[in-house]
Amino acid sequence: MTKVLKGIAASDGIAVAKAYLLVQPDLTFQEKKVDDLEKELKRLDDAVADSKAELEIIKEKAVENLGADEAAVFEAHLTILADPEFFGNIKNEIKNDHVNAEKALQDVADQFIKIFENMTDNHYMQERAGDIRDVCKRVMAHLLGVKLPNPALINEKVVIVAHDLTPSDTAQLDRKYVKGFITDIGGRTSHSAIMSRTLEIPAVVGSNSATTEIKDGQEIVLDGIAGEALVDPSETEVSEYLKKADDFAKQKAEWKRLKTAASVTADGQKVIIGANIGTPKDVKGANDNGAEAVGLFRSEFLYMDSSELPTEDEQFEAYKQAVEGMNGKQVVVRTMDIGGDKELSYLPLPKEMNPFLGFRAIRISLKRQDIFRTQLRALLRASHYGKLAIMFPMIATVKEFKAAKAIYEEERAKLIKAGVSVADDIEVGMMMEIPAAAMIADKLAKYSDFFSIGTNDLIQYSMAADRGNERVSYLYQPYNPSLLRLIKKVIDSSHAEGKWTGMCGEMAGDQVAVPLLLGLGLDEFSMSATSILKTRSLMKKLDTAQMKQLAAKAVTDCETTEEVVELVKKVVKY
Ligand code: PEP
Ligand code: MG
């Protein structure tokens, strides 16, 4: 019988492939006495040889994908595997004490780790303790005959099954082999879900039990449109889903025809549909999908893809590449938004009870002005090469905006004085993602050139519901009148000051929300590149005056999300 797992639809598309469980295996073992010493020594040699072969592949892939510096750690692991003293000690213990290889490996590893960890005046040697731990884990897995998963070792088409995927795990997935993924936890706006859309990988998140219900190697049908997975599907089901995949591909081809068309409503009103990107490499996807702007460049991915703070020049090159790639279309770069679920290994922040409510984004930038000023200089220099705008994340108060803007002005003045070319039309705006800021949008609109509504956070903060927690994902309610009222206030406030409002939260590409947002007067819709063309196609069917009425009714008359959805579906013919 086919097992069906339900989750949250995170990225459109259908995948049919074998499951690849990305879960840490149980490495506990039984201590045993052995008589056949030769056999035991051979088991150890084989496990070391297998580990070596595996590490060679991982190292090669790491050099290819991440560069030689990042791959150096695997070289260190290979050196440990070849260490005669280390493995000599293990063999001696097997021979002298007649214990199994697992026990000897564990004992000797513990001794070495202790020695290294005690070298308190030698940080480099202390770090080697971690390498020994990793190497032993690998050898132990081979001794026990269990798989230590590593995406770099995948060489066939798979659907990844994981408890969770961090944004950096997601970034490393090789699209050639990884056809989809399903996780136990996460919501539609957690960053792994957002990245799956950018990468065009079908994904289902928040299934609760994928890692316990699915076994490695089982056949999976992953339906990222409906948000479910079929485990061990029948032949009929597979062909049914292959047909669905085919229909989806045809639908996409139909949308592709709108690639070079402008985004206009049925009554001829023009709006901007832009793309959200994480790195300059995503500009290609934005252009391939007909983006009219980049409404959000999540600059923190430059920081996350690096093993140390990116230099001013490295950042300058990245921003320049993005603005040049967009050929004069606006690129809104958001300054570093670290914190929450986005961490930097080299910038350790104190552990907090509530990271999403903690020291993050502009709060870090205003404290660590060295990092902030470097980023602003890189942005200002890149502004000369295209149409660049800057926005600050997580602004809660007028004072924060003014403080950030003042630092920007200082860096700008310094560069100009030094004779550096800087564009004179850079717009400086802010993310509107904290309810307190939305409530004083009329005040903020006096200082900010534009607003970009970040509904992923605005919803989590106004509903007090963690965006990555599937247990409260029912409170991710983009159509709730409470949220529509906040959005209306933001848009109206900006228009009253002659400014514009965009939206770069996932809601901007939501097909039920788009008619409402149009009716509320949103000027720019920025979304995962893969949602652009279907939104442009929908826009052509909408009449602005009718959507204004619809939105007004939703904002004033409706009580619940469900009522709003019903209202939209009555009026809009999808
Ligand atoms: C948002 O909060 O809606 C947003 C676009 O930013 P991020 O998802 O990166 O927090
Ligand atoms: Mg946000």
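This is a predicted model: local features need pLDDT of at least 70, side-chain atom pairs count only at pLDDT 80 or more; totals for chains, interfaces and linings use all residues.

User: OK. Is E562 buried or exposed, then?

Analyst: E562 counts as exposed, because its relative accessibility is 54% and the cut-off for exposed is over 50%.

User: And where is E562?

Analyst: E562 is in helix α23, which covers residues 561-571.

User: Which residues form the negative surface patch?

Analyst: That patch is made up of E559, E562, E563 and E566.

User: Switching topic. Where does N100 sit?

Analyst: In the loop that links α3 (84-97) and α4 (101-117). N100 has a relative accessible area of 3%, so it is buried.

User: What does N100 touch, leaving aside neighbours within four places in sequence?

Analyst: N100 is in contact with Q30, E31, K32, V34 and E40.

User: What about H98, where is that?

Analyst: H98 is also in the loop between α3 and α4. H98 is partly exposed, with 33% relative accessible area.

User: What's the phi of H98?

Analyst: Near 55 degrees, which is a positive value in a residue other than glycine. E200 has a phi near 55 degrees too, again positive and again not a glycine. You'll find E200 in the loop between α7 (191-198) and β6 (203-205), and it is partly exposed at 36% relative accessibility.

User: Back to α3. Which residues does N89 touch, not counting those up to four places away in sequence?

Analyst: N89 is in helix α3 and touches V108 and F112. N89 is partly exposed, at 29% relative accessible area.

User: Now D267. What is the C-alpha separation between D267 and L542?

Analyst: 7.6 Å, although D267 and L542 are 275 residues apart along the chain. D267 is in the loop between α9 (235-256) and β9 (272-277).

User: Which residues does D267 contact, leaving aside neighbours within four places?

Analyst: L542, D543 and T544.

User: Last one: what's the relative accessible area of D267?

Analyst: 38%, so D267 is partly exposed.

Note on methods. Residues are numbered from 1 along each chain as its sequence is written. Chains are lettered from A and ligands numbered from 1 in the order in which they are written. Side-chain values use heavy atoms; hydrogens and water are left out. Patches are made of residues with over 30% relative accessible area and no salt bridge: like charges are joined within 9 Å, nonpolar side chains (Val, Leu, Ile, Met, Phe, Trp, Tyr) within 5 Å. Accessible areas come from the Shrake-Rupley method with a 1.4 Å probe; for residues, only the protein chains shown count as cover. A salt bridge is a side-chain nitrogen of Lys or Arg within 4 Å of a carboxyl oxygen of Asp or Glu. Lys and Arg count as positive and Asp and Glu as negative; His and the chain ends are not counted. The place of a charge is taken as NZ of Lys, CZ of Arg, CG of Asp or CD of Glu. Helices (H or I, at least four residues) and strands (E, at least two) are DSSP runs, numbered from the N terminus. Buried means under 20% relative accessible area, exposed over 50%, partly exposed in between (1.4 Å probe, protein chains only). Contact means heavy atoms within 4.5 Å.
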